[in-house]
Amino acid sequence: MRIRAILFDKDGTLVDLRATWVPRYRAAAAALARAAGRPEPFARELLRRLGWDPIAGSLAADSPLLWATNRTIAGRWAAERELRPLRSIGIDPEALALAELEDEERHPPRPLGDVAGLFRRLAERGLALGLATMDREEAARRGAERLGIAERLRFVAGCDSGFGHKPEPGMALAFCAAVGVRPAEVLMVGDSPADLAMARAAGLGLAVAVRSGGARETDLAPLADRLLEDVHGLEALLDGLGPPRASIGSHPGPPATD
């Protein structure tokens, strides 16, 4: 395979989900519980309703916490029957949750290891690098600056960039057009089924899943050509790239299909 470009998801792939987003989710749920005058267990229940398993520390495959925009997540919580009455007393539960979800000062994006060094080395290989996230584009660009990768990116797309939402193929195809490569020459790396489904829908050459996010391996494997511990396994993958569905390490992907 000839890979000329890599498209990255952001949260759970480059940004530590547990150190960055889980605290935001918990803060939003706690703020909603307080506003509703309900005890702490209700905050945990709000998280559970959106697919978070606090014991396993993982998210269900269909959890909006894995793939949805912050506004969608806030809207889902605001629609819960216990929170709908808040509007009658002048409290907007969606705005309340959104303020916590987008608080970059209290919960700045924390990288999963030396992503700046990784991007430098990937760029030195001549690879075009891009970012596709369900965060807002402006927030994604700020996050890229914080991570030290902004200057390496030739493409950044967020939920409001006009290319559609994951798992639709729009962001991936826009990346191909922006950097001048065919979809078959692109590797997509992400931590959610939505990332991998986008890669499939766009006809990308390789869909790579990482275990560093909140998704369960059993939900990732059926859609992934490769399964890595984290994004730092990419260089070894590129060095020894074999048949599209060969496995990396001890975790094989699904069987080859024609």
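**Exercise 1.** State where Ile55 lies and whether Ile55 counts as buried or exposed.

*Solution.* Ile55 is found in the loop between β2 (52-53) and β3 (58-59); strands are DSSP runs (E, at least two residues) and helices are runs of H or I of at least four residues, numbered from the N terminus. The structure is a predicted model, in which local features need pLDDT of at least 70 and side-chain atom pairs count only at pLDDT 80 or more, while totals for chains, interfaces and linings use all residues. Residues are numbered from 1 along each chain as its sequence is written, and side-chain values use heavy atoms, without hydrogens and water. The relative accessibility of Ile55 is 83%, so Ile55 counts as exposed (over 50% relative accessible area; buried is under 20%, partly exposed in between; 1.4 Å probe, protein chains only).

**Exercise 2.** Describe the order of the 6 strands in the open sheet and identify its edges.

*Solution.* The order is β5-β4-β1-β6-β7-β8, with parallel pairing (at least two DSSP bridges between two strands). β5 (153-157) and β8 (226-228) are the edge strands, because each has a single partner strand. Between β4 (residues 128-132) and β5 there are 4 bridges, and Ala132 has Ala157 in β5 as its bridge partner.

**Exercise 3.** Characterise the crossing of α4 and α5.

*Solution.* The axes of α4 (residues 70-78) and α5 (residues 93-101) come within 8 Å and cross at roughly 140° (lines fitted to C-alpha atoms over the stretch in contact; angles from 0 to 180 degrees between N-to-C directions).
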